[in-house]
Amino acid sequence: MKILVTGGTGFVGWHIVRAAVAAGHEVVSLSRGVQRGAHVYPVRNVHIDLVRPEGLLEALAGTGGVVHAAGILRDERGQSLERAHVGATANLVEACRRAGVGKIAHLSALGVHAKAPSTYLRSKWEAERIIESCGISYTIFRPSLVFGAGDRIVTQLLTVCRYSPVIPLLGDTDARVQPIWVGDVATAVVRALSDRSTDSEIYELGGPESMTISDVVAAIRRETGRPALPLKVPKFLSGPLVRLGEQLFNQPLVTEEQLTLLAAGGTCDPNPAAVTFGLRMRALADVLVEYDAAAR
């Protein structure tokens with residue numbers, strides 16, 4: 001099958017592309033611009049902004065399935081969460097209808113709701129409604145915190161743990177997430193495109209362990225053997241510090257939107273997806289050693 005993956009050079013999208021190639025599919029990777037993560041042969045790379053989707057219909061020619069993994073974590077210059085998630089999804093769906101695409105696998109997020117505390121989650125909720133009403137077969141996935149070599153949150157915590165005597169813990173560190181390995185996310189999404197029994201289903205994706213951010217830091221400290229001490233920053237200071245970081249840096253270590261997401265938490269029953277798609281369910285502690293290998 002010919003598959004187009006939006007957000008194909010992002011962290012999760014990159015793994016989805018590789019999983020699709022390994023499964024024998026012809027793959028087109030779509031991204032907004034040229035990035036270092038661009039794929040090599042046999043993957044075809046196309047550079048299209050879904051908000052202004054010139055050339056999208058041509059890229060979809062002959063495509064049997066689409067994985068919609070494109071997204072942003074916060075408002076950016078010239079790109080808001082609303083435009084990137086809602087407007088872009090509407091444009092993609094319209095092009096998929098015109099191109100005769102057979103199925104869409106849509107990557108959403110655990111905790112989406114119309115009245116969610118996070119703009120990110122609300123915009124993802126709206127995107128889901130567009131997918132559900134598009135008239136094309138679909139499967140929706142709602143992952144918890146996705147981890148793996150090359151991610152942002154765990155990689156940043158590892159770096160701080162190695163080079164700093166303390167690890168500042170911002171926001172609500174007691175909220176629980178269920179970290180899921182990016183390889184399992186990629187496996188589920190790719191397999192869903194060929195499995196008609198998953199049509200019109202919504203799968204929540206979580207790993208084998210429910211953890212707080214403090215638990216994540218503890219696992220990292222054990223893996224690195226570093227004595228860096230966790231320092232819990234009071235909530236009334238976390239917000240101002242994060243906002244200052246967003247003003248000073250183009251790529252801040254953490255954003256206010258991410259703090260809101262982490263505070264919302266996200267746990268689920270992982271068994272339906274694990275059984276349906278044959279997931280490996282790798283725990284965070286088992287994968288941490290791979291971060292060093294990827295950095296070399």
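These questions and answers cover salt bridges in a predicted model.

Residues are numbered from 1 along each chain as its sequence is written. Local features need pLDDT of at least 70, side-chain atom pairs count only at pLDDT 80 or more, totals for chains, interfaces and linings use all residues, and side-chain values use heavy atoms, with hydrogens and water left out.

Biologist: How many salt bridges does the structure hold?
Modeller: A salt bridge is a side-chain nitrogen of Lys or Arg within 4 Å of a carboxyl oxygen of Asp or Glu. By that rule the number of salt bridges is 11.

Biologist: Is Asp49 buried or exposed?
Modeller: Asp49 pairs with Arg52 in a salt bridge, with the closest N and O atoms 2.8 Å apart. Buried means under 20% relative accessible area, exposed over 50%, partly exposed in between (1.4 Å probe, protein chains only). Arg52, at 49%, is partly exposed. Asp49 has 16% relative accessibility, so Asp49 is buried.

Biologist: What separates Arg97 and Glu94 in helix H3?
Modeller: Their side chains meet in a salt bridge at 3.0 Å, N to O. Helices (H or I, at least four residues) and strands (E, at least two) are DSSP runs, numbered from the N terminus. Both residues sit in helix H3 (residues 81-99), 3 residues apart, which means a separation of about one helical turn.

Biologist: Which residue forms a salt bridge with Asp199?
Modeller: The closest N and O atoms of this pair are 2.7 Å apart. Asp199 lies in the loop between helix H6 (182-194) and strand E11 (201-205), and its partner lies in strand E5 (residues 103-107), so the pair ties together parts 96 residues apart in sequence. Both residues are buried. The partner is Lys103.
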